[in-house]
Amino acid sequence: MLAVVAAHLGLALCLPALARYDRRLAFGAGAALLAATLVWALTQWSEALGPGVTEVVAWAPELGLSLSLRMDALALAMIVLVSGVGALIMVYAAWYFGPRSRDAPRSAALLVTFAGTMLGLVLADDLLTLYVFWELTSLASFLLVGQGGRYRENRRAAVQALVVTVSGGLAMLLGIVLLGGLSGTYAIPEITAAAHAGTLAPDRPLALAAALGLILLGALTKSAQVPFHPWLPYAMAAPTPISAYLHAASMVKAGVVLVARLGPAFAAFGVWWVPVTVLGCVTMVLGGWRALRQTDLKRLLAFGTVSQLGFLMVLFGTGSRVAALAGIAMLLAHGLFKAPLFMVVGAIDKACGTRDLRELCGLGRRRRGLAVLSTLAALSMAGLPPMLGFVGKEAAYEAFLLEGGVRGGLVLAVLVGGSLLTAAYTARFLWGAFSTKGSQPTGGDPVPPGLSGPAWLCALAGLAAGFAAPTVQELAAAYARPLPALGDPGAAQYTLALWHGVGPALLLSVVAVAGGLLLHRSGIPGSLHVRFPAPSAQRGYEAVVTGLERTAIAVTGRLQIGSLPVYLGCILAVLVALPGTMLLVGGAMPGNQQLFHSVMQVPVGLMVVVAALALTRARRRFTAVLLVGAVGYGIGGLFVIDGAPDLALAQFLVETLTLVAFVFVLRRLPAHFAEPDAGRRVRAPKVVTAACGGLLVAGMAVVLSGARTLPPSTTAPFVANAPEAGATNLISAILVDFRALDTIGEITVLLICAAGTAGLVLATRYDRRTDDARTGETVVNSGAGVPEHEKEVLG
Amino acid sequence: MTARDTSADRASGPPPEAPPERPPPGGSGRWDQPSAGWMLPGTTPDSRGRTLVLEAAARLLFPTVLVFSLYLLLEGHYGPGGGFSGGLVAGLAFVLRHIAGSEDPGAPFGIRPPVIAGTGLVIAVLTALAPVVAGDPVLSSTKWYLPLGPFGQVDVVSSLILDVGVYLLIIGVVLDLLRSLGSGIARDARAAGEHLPPGTAGGDR
């Protein structure tokens, strides 16, 4: 399985080159790989529905990290969407982007990358593995939504999607680590087993609640639940194939998948199902309501997606068997109807140059194929037979009818209300896209088969799946096996089927669809939207972002004032406040302090002390630097006396280099420090801070050295192993062998420092050497302000 | 340390004399220029900024110190030294060249400092990852014995390659500092109309 994921990422690396040769070939290669993945997954159908196919690769065993993948029913259902629908969308994209598009090479590679990471996400059987792929999908979606970054709208949408989903993802990482600490493992099956057995941190309910809450935060942001939903409609700035793939079939389903994945374990916990169900219900109604106001067809569908995601959350969050069956059916149905609808909108956009439903007119008569195709998909969305959407919706009603009680009743009412809104915006979509509203018919270019074909396949798959309800039932039952039937014999036997006979569920379907049509006909939503504008969560997001910026400006405005004394003062104050307090609270002064070990220490020590004291009296910067150098060399001398030639050598060399660097910089600074007669109000705080800092460091040196009585336990193995490492110099063996990872980290820091310094100093000036064609001489243009530089900076 | 110094410094504006003109690069050689390009870089400031003693000393010392730094690098496993110290010593040799008058002490070698530093880091990281190919954990080291015929044999520890990476990186970092803090600041000063011969400390003239 890992090989399949790797194949996606590998192919993605090759695609830009391939796309330069031929754009359509690149998309075709991606589609072929995705289709092959689907076939490969379907060949493992029976095993996946039974015990599941697992694969574990040790990653960092000492940290408990492993790449665990497992194909089970839920993964299989998602692969149908990610790879199956994905392959169709790749074909669609080949025609959508056209043979000459500048965005195509990038998009082709990123779409395949995205498919690979999404595949890893749905297959992940370990919370850390899941998290890695989770964030990779966020990054890939950022790059896809942002496109080349040429348009402000794309950039803003991409940043918003990234900020919302990644901050949720970071919260989720916290939750995962917390949960892993509580259960002692990151493997999902083990966590599930522990949760069922009741052994999952029974004595620490608060920590468990916090962990689950944080994990849910990740799921809710990723799946655009209220109040995190605005990023999804805004992400519609992306080209249509990307919207269709990310926001219909795959990425936004990630949160649903997470809830579905962990639902069997935690659905019994109130801290899990209450927020999922409540927010899911609110999202379903709000998304449907907002969809009724949209005039852009794509945004209408986007709010519809928000609504459907809320629906899915409710189904997977409640943790009953029938709801889970309905959840799998709706998961598949949503992918199979939303993707073709998006594709149709893209085709309309291409053919008419607009997707505003106020401008579209008479398209239904002129493009009958598109209209039939859209109706087919829309039937599934509205929950009409014989589509898969109908099967799922029936099961959803049935689940809460069977459950009964207060929760069942309330949720059922919301689901019916939400479905009513769904039917209403479905009608609005069809009416908006295809009806004859004005006198000026729009559009007319025939839609190329590359754009309509994949949508047809997708919509027909939704129809076929409706008739193949027993197969879907097999898949869903395998997922729902561990879930309780809530003590109801009817629920234990319920199966997904196209026709359950006339019953309360069918009645509710009729109510929802008929009510939705009436609502659309009546025109009430329009007037209500005008009278009661819904509170906009987008404004909340903007307020948070602006507030953060304001805070940052306020903080930097007060702290980064360009005064070195203030910076040093801040650092020293923190040092005194945190480690200093700990030292006073927990430190113990060792009793056996000797004045000196060897006589040679006395003069060198005195030199250091004298230099340090003289430093406080220095008025000239150069003198001060020299005195700092004297202190450093004195300390190097102390190293020599104590028998540490390696340290001494390094100390001398670094001291020399520092001195040189100081001297370089001093050339640009005034020779003297501030006026010697600066007032007491300036000097007193400086003196106090510096004295406290100095005393603290000295005290720490004494106290910490007193905490150790013997050579540390790690020293002995170092000494014993040094000859084996080929070194008689123990320090060197430690640096390049035993602790070589530290060394690599340190030199990386050095490189970053040098690059940062060079960047700061040379930012505005660099040489541009050009060979003058006429004279053959090398011309050097230096510094900022040369026209070439201006061009370079401004792009 | 007196009030006179302070006022003199504060009053110091741009000096009256114009910045020294640099000899055209690649122009006709001067009589006192070394024939080997790497011994002392071509652009030494004319007249006032030059200290011939320092230049001559730098010419003699530079190769010697480089050899010494290599010795430190190789000796590191058996005595004081190693990649860090060796790299710093080599870096200081370049500092000497810079102070003796070179604008860009690494230039004659034709490699830009960030490239040297980056190469060092790449070598270090590859050394760390290389054992993975053989199925060993990251950063594990091994020892090779190179038979040298009549001269006996030499033990080479694989972590020496890591040390070489550190050595190169440190040289690159020092050269980068010279480029930015040394020549860069000097050029800034010249652009601002102040005259700063390379290698002098401001305000202490």
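This is a predicted model: local features need pLDDT of at least 70, side-chain atom pairs count only at pLDDT 80 or more; totals for chains, interfaces and linings use all residues.
Let me start where the chains meet: 49 residues of chain A are in contact with 62 residues of chain B, contact meaning heavy atoms within 4.5 Å. Residues are numbered from 1 along each chain as its sequence is written, chains are lettered from A and ligands numbered from 1 in the order in which they are written, and side-chain values use heavy atoms, with hydrogens and water left out.

Chain A and chain B bury about 4,800 Å² between them, with 69% of it on carbon and sulfur atoms; buried area here is the accessible area (1.4 Å probe) that two parts lose on being put together, summed over both. Across this interface the rule finds zero salt bridges, a salt bridge being a side-chain nitrogen of Lys or Arg within 4 Å of a carboxyl oxygen of Asp or Glu.

By nonpolar core I mean a set of buried Ala, Val, Leu, Ile, Met, Phe, Trp, Tyr and Cys residues joined through side-chain atoms within 4.5 Å, where buried is under 20% relative accessible area, exposed over 50%, and partly exposed in between (1.4 Å probe, protein chains only).

Y245(A) belongs to helix α11 (residues 240–249) of chain A, where 10 of the 10 residues are buried. Leaving aside residues up to four places away in sequence, Y245(A) touches, among others, L34(A), V82(A), F114(A) and M251(A).

Finally, the charged pairs: over all chains the structure holds nine salt bridges. In one of them R355(A) pairs with D349(A), the closest N and O atoms being 3.1 Å apart, and D349(A) counts as buried because its relative accessible area is 19%. D296(A), D349(A) and R355(A) are linked in a network of salt bridges. In chain B, R179(B) and D176(B) meet through their side chains at 2.8 Å, N to O, and both residues are buried.

Terms used
Helices (H or I, at least four residues) and strands (E, at least two) are DSSP runs, numbered from the N terminus.
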